[in-house]
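The structure is shown first, and the description follows.

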Amino acid sequence: MSTQEAKHTPLEYQTTHGQMNILGFWIFLAAEVVLFSTLFATYAVLFGRTADSPLPSELFGAEIVLIMTFLLLTSSFTCGIAIHNMRQGQVKPLIIWMVITLLLGLGFLGFEIYEFMHYTHEGATLQSSAFWSSFYVLAGTHGLHVTLGIGWATLLIIQIVKRGLTPVTSQKVFIISLYWHFLDVIWIFIFTAVYLIGMVV
Amino acid sequence: MSSNKTLITLTLLFSLSIITGCSELRVLEPKGPVGEDQKELIIYSLWFMLGIVVVVFGLFGYMVFKYRDRPGRGNKDYEPEQDGNLKVEIIWTIIPLIIVTLLSIPTVDTLFDLEKPPQSANEEEPLVVYATSADWKWFFSYPEQGIETVNYLHIPTERPIEFRLSSADSMAALWIPALGGQKYNMAGMQTILYLQADEEGVYDGRNSNFNGEGFSLQTFQVHAEEDTAFKEWVNKIKNEKPELTQDQYNELLKPSIIGEMAFSNTHLEWVDHGTMMGSDYSIKRHQNAYEKKLHLKSLDKADAEEEGDADEAQ
Amino acid sequence: MKLSEFFVTGEPLIYAGMVAIVLVTCAIVFLLTYFKRWGWLWREWLTTVDHKKIGIMYILSALAMLFRGGVDALMMRVQLAFPDLNFLNSQHYNEIFTTHGTVMIIFMAMPFLIGLMNIVVPLQIGARDFAFPYVNALSFWSFFFGALLFNISFVIGGSPDAGWTSYTPLAGAALSPGPGQNFYLLGLQLSGIGTLATGINLMVTILKMRAPGMKLFQMPIFTWSTLVTCFIIIFAFPILTVALALMTIDRIFGAQFFTLTGEGMPMLWANLFWMWGHPEVYIVILPAFGIFSEIIATFANKRLFGYKAMVWSMILIAGLSFLVWVHHFFTMGAGAFVNSVFSVSTMLIAVPTGVKIFNWLGTLYKSKIQFTTPMLWSLAFIPSFVIGGVTGVMLGMAAADYQFHNSYFLIAHFHYVLIAGTVFACFAGLEYWYPKMFGHKLNQKLGKLSFWLFVIGFHITFFPQYFLGLDGMPRRLFDTAPEWFTLNFISTIGAFGMGAGFALFVLNIYYSYKTSPREKTGDSWDGRTLEWATPTPIPHYNFATQPTVKELDAFHDMKKRGETTYDESKLKPIHMPNYSGQPFIMMGLLFFSSFALVFEWIILSAVFLVAVLVMMGIHSFDYDDGYHVEVEDIKRTERQLRGLNDEHTGS
Ligand code: HEM
Ligand SMILES: [Cu+2]
Ligand SMILES: [Cu+2]
């Protein structure tokens with residue numbers, strides 16, 4: 001690759017290794033899409049099978065879910081800013097925006113845990129019916145992904161602090177940003193397919 | 001050379017199996033219109049399959065024999081760089097497509113037919129029989145007649161039977177090969193299977209879907225008889241057999257192997273396992289009954305029953 | 001839990017198994033200690049990231065699994081040879097057909113093929129390794145420990161007994177209490193991670209690491225089949241992951257997905273299982289198609305007929321394979337319309353499959369056929385597979401399937417496709433690439449003998465089963481009735497023929513190791529593709545100089561032009577990855593985590609899981625990026641392997 005080209009290619013794409021990692025991750029995301037689709041399908045099939053437990057419309061409240069959506073969407077935005085900074089080669093803003101992203105993610109998780117505890121308290125548990133099983137597993141799998149993402153990103157921030165921006169570190173940060181946006185998209189689907197529909201029906 | 005041997009062995013085996021088998025294969029000797037439809041479909045498809053096999057085997061034998069590398073063959077008829085031909089590709093795509101179409105039409109046709117009761121000569125309404133599977137036995141309830149049998153049933157000939165299938169616990173399938181194909185029995189839902197016997201006789205029926213230890217012994221016999229004989233039998237059950245109580249029924253539901261029984265009422269009075277309400281009826285009562293294994297030794301129900309009793313006594 | 005519940009007790013066969021396991025383990029430990037080979041084992045194998053070595057480990061494990069699955073099969077056939085034999089009781093029989101099915105598909109067929117892909121694909125595309133060698137090692141160890149976990153159930157805890165399809169509610173906690181089913185769930189889950197990772201890994205490898213000049217439609221056909229298979233893996237395996245997870249959550253944490261209580265829906269499992277399961281059968285047949293295509297072209301000494309048609313038909317099959325899953329339960333009562341749709345889509349798969357068959361015949365047309373052992377397997381495949389295929393179409397005719405379903409007709413069908421397809425291909429592929437892997441061929445005489453025993457035994461075993469099915473004999477019956485005695489007896493005889501064939505195959509490995517002449521060139525069979533352009537044994541960096549590809553059958557082409565993959569003037573230092581013990585340890589920890597979960601020791605399981613996460617974290621900080629093989633080293637290695645003198649400078 002000529003130096004001319006190298007200037008225009010983002011850092012994370014400059015090595016073949018970086019390219020392969022990013023392609024591999026895209027394919028991994030395709031597999032994740034299948035995974036979540038299966039969970040959505042399961043949820044759809046089991047919708048309404050609440051047995052003796054509360055109905056979703058009795059429990060789902062707009063407020064918390066809107067706050068969660070706001071937090072996660074904003075975090076996706078701040079994550080975008082972080083990548084923008086990375087492209088400019090600015091380490092400090094990158095780190096700051098990444099930390100903000102993670103804090104927003106933590107906020108999201110906190111609300112999700114609160115929400116789950118609330119439902120459990122009202123008698124809708126993982127065990128109470130097919131519907132609630134599928135709800136907890138679908139939303140919970142997303143939450144678990146967010147948790148892992150936060151842990152992983154924390155490790156990357158430490159690496160950036162130690163090593164600065166190299167083709168390797170920037171490729172890693174770029175990949176986690178893909179992951180984070182992906183989780184955001186999944187959440188939009190959960191928000192509409194689970195909460196909005198669940199509140200109405 | 002070597003592949004000729006394969007061919008010969010195959011042909012020999014093929015004819016051998018046909019001679020030993022075809023004379024009395026249940027599926028190919030159906031005793032009622034449903035099985036007859038399916039048999040016709042199978043035979044129809046078999047002609048196509050035979051055609052395909054003959055063509056492919058023929059071509060294969062020819063190629064392998066003619067183009068084997070042998071001393072002195074030289075380069076006659078050898079074209080190592082030949083790598084395809086669009087025309088033949090099109091031909092061998094179109095012909096299979098045509099075959100698939102020819103197979104699809106009667107398949108779809110038969111599929112829709114099987115959803116309706118077979119056309120019976122005297123245009124009678126189908127006889128409704130609830131066939132409920134429970135580990136590892138069959139309950140046959142006749143709601144119109146108000147009787148119930150366990151592990152055997154009687155049906156009138158030349159009248160469609162509407163089996164309403166469900167299960168108290170594991171998934172099973174009701175299959176009477178001589179009368180026609182199977183369908184699943186599932187807890188919490190009902191499936192419908194139409195069958196009909198045109199010849200009198202006793203036919204083997206069974207659960208064909210593996211559902212645990214007693215699976216192999218979950219069999220029953222179908223007695224197909226003239227309408228009058230059937231009515232007589234119904235009356236006899238009605239007058240001579242005891243009533244089934246809910247307690248006794250609950251006991252029978254417990255996973256076990258049992259013999260034949262008959263009662264002068266039906267369990268539908270208190271539960272229909274084919275509805276969502278009925279799906280946890282058995283498992284709620286027999287939570288822990290699956291801890292113990294049966295270790296069955298043979299297909300003899302009497303043996304298994306005795307062992308069960310012995311265990312009970314312990 | 002009492003110790004007597006932990007270990008399986010009460011069966012003489014199982015005691016014998018335990019004794020055998022203990023003895024074999026002791027023997028291995030003793031031999032390794034005696035010959036001071038522990039260090040060697042660790043340095044050369046357990047820590048390797050070399051695709052060739054990993055491939056060999058896959059194949060060895062798969063052969064061991066074939067042995068285990070085969071013993072299961074023989075035991076079932078013995079039990080069914082005579083009515084009322086009482087060799088196995090019902091419970092034992094159920095365990096054995098369950099482990100047989102699972103082991104053969106998940107732990108034999110797939111790993112065997114993945115092993116061959118590991119060895120061959122990078123070589124065929126002129127690459128030096130996988131895109132992610134470290135991940136490749138992780139994949140292997142996840143498969144290995146998954147298989148170990150599943151097989152351990154034989155002596156600890158008890159085997160699963162609900163069939164390889166594990167239909168609910170039977171396989172749920174209520175009807176199948178105890179750890180057996182958990183072994184199935186977690187063993188498959190553990191190895192499934194590796195399969196998915198391999199799918200991604202190979203896909204990136206094929207898309208990104210091809211030799212300069214090699215276009216997609218110039219890739220060898222086995223590589224194509226691998227690429228298409230990766231596509232199926234990536235879209236099918238997550239479904240299995242979810243299905244297994246849901247059942248695990250049902251069983252261990254009391255959820256209600258597939259239960260009879262809480263308005264659960266047992267049917268949902270069958271749907272999820274087959275949405276993965278049908279693509280899965282194509283995961284194990286497409287690579288087999290690829291192997292046969294390579295071998296048939298090589299020994300017909302001719303170009304593959306209709307390369308493009310072959311590729312497109314594979315792509316079509318892969319697409320269709322996601323649209324037919326309902327044909328596994330036409331009898332669920334979904335209605336005539338649904339069944340009609342899936343019936344037609346199922347039969348449509350036969351069209352591209354037929355196209356492939358005719359193209360193989362086209363390859364034989366005006367060719368020069370050499371009857372080597374790999375070629376014999378490939379030739380025997382064609383007529384045998386056709387029988388499996390046409391009976392598959394018969395099963396696909398839903399209205400007729402009401403009579404075939406769950407019967408021995410079905411058993412005969414899928415053994416005709418899986419054995420004549422996948423197993424023949426594994427044997428063919430192993431014999432074909434064996435000289436590349438081990439530097440000598442397998443003995444042809446013994447090979448042919450084992451071929452004939454196996455193939456004839458195969459037909460004797462499974463052909464009669466079509467008729468048993470038509471006579472109403474259901475599958476999974478633990479004892480036969482006298483009316484089915486004759487055909488069952490014949491079938492059992494055939495099974496022993498297959499057993500003898502396999503035994504001879506294994507014997508041949510030893511015999512050839514002792515007696516076969518060593519390969520001097522890398523091109524053992526006058527091959528057409530790049531794997532034959534490497535010297536034998538293959539240097540760990542595969543290619544000293546990457547070839548430039550100009551057409552299909554790249555090596556055939558190079559030979560015509562007199563080129564090799566060693567051009568001394570173009571040598572550059574080669575970058576290679578370091579070996580690492582992490583994959584082994586990480587998956588070992590995951591194994592313990594899963595094992596604890598099988599027994600529902602949740603805290604212990606979580607502790608191990610955290611240990612795995614910690615290791616992943618540590619790996620993230622590891623910036624080790626391998627080492628370079630210097631030009632002088634390459635020169636020395638290549639000259640020695642190619643028997644060149646010092647003056648020679650390559651061409
Ligand atoms: C010509 C193409 C094929 C068609 C039309 C076809 C059709 C079918 C159908 C309709 C069934 C379900 C039958 C039933 O359960 O009643 C079935 C079962 C099966 N097929 Fe095929 N098949 C084809 C090729 C293959 C191939 C290539 C493989 C694997 C290498 C395969 C492996 C299986 C297996 C493993 C089962 C049964 C699994 C079980 O129930 O345990 N089939 N096939
Ligand atoms: Cu159902
Ligand atoms: Cu299928």
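## Domain interface in chain B

Between domain 1 and domain 2 of chain B there is one salt bridge, a term that stands for a side-chain nitrogen of Lys or Arg within 4 Å of a carboxyl oxygen of Asp or Glu. A salt bridge joins the side chains of B:Arg26 and B:Asp204, with 3.3 Å from N to O. On the side of domain 1 of chain B that touches domain 2 of chain B, helix α2 (residues 33–66) of chain B gives the most, with four residues; helices here are DSSP runs (H or I) of at least four residues, numbered from the N terminus.

The model is predicted, so local features need pLDDT of at least 70 and side-chain atom pairs count only at pLDDT 80 or more, whereas totals for chains, interfaces and linings use all residues. Residues are numbered from 1 along each chain as its sequence is written, chains are lettered from A and ligands numbered from 1 in the order in which they are written, and side-chain values use heavy atoms, with hydrogens and water left out.

Domain 1 of chain B covers 2–68 + 83–114 and domain 2 covers 127–313, with bounds from an automatic or database domain assignment. Their C-alpha centres are 37 Å apart, and 10 residues of domain 1 of chain B are in contact with 14 residues of domain 2 of chain B (heavy atoms within 4.5 Å). About 910 Å² is buried between these domains of chain B, 55% of it on carbon and sulfur atoms; this is the accessible area (1.4 Å probe) that two parts lose on being put together, summed over both.

## Domain interface in chain C

Chain C is assigned domain 1 (1–36) and domain 2 (37–649), and between them about 1,400 Å² is buried, with 75% on carbon and sulfur atoms. C:Phe6, C:Leu13 and C:Leu32 supply 41% of the area that domain 1 of chain C buries against domain 2 of chain C, more than any other three residues. Zero salt bridges are counted between domain 1 of chain C and domain 2 of chain C.

## Copper site in chain C

C:His278 (ND1), C:His327 (NE2) and C:His328 (NE2) coordinate the copper ion (ligand 3) at 1.8 to 2.1 Å, where donors are N, O and S atoms within 2.8 Å of the metal (3.2 Å for Na, K and Ca) and water is not among the atoms, so sites may look incomplete. The copper ion (ligand 3) lies 4.6 Å from the iron atom of ligand 1.

Definitions and conventions: Helices (H or I, at least four residues) and strands (E, at least two) are DSSP runs, numbered from the N terminus.
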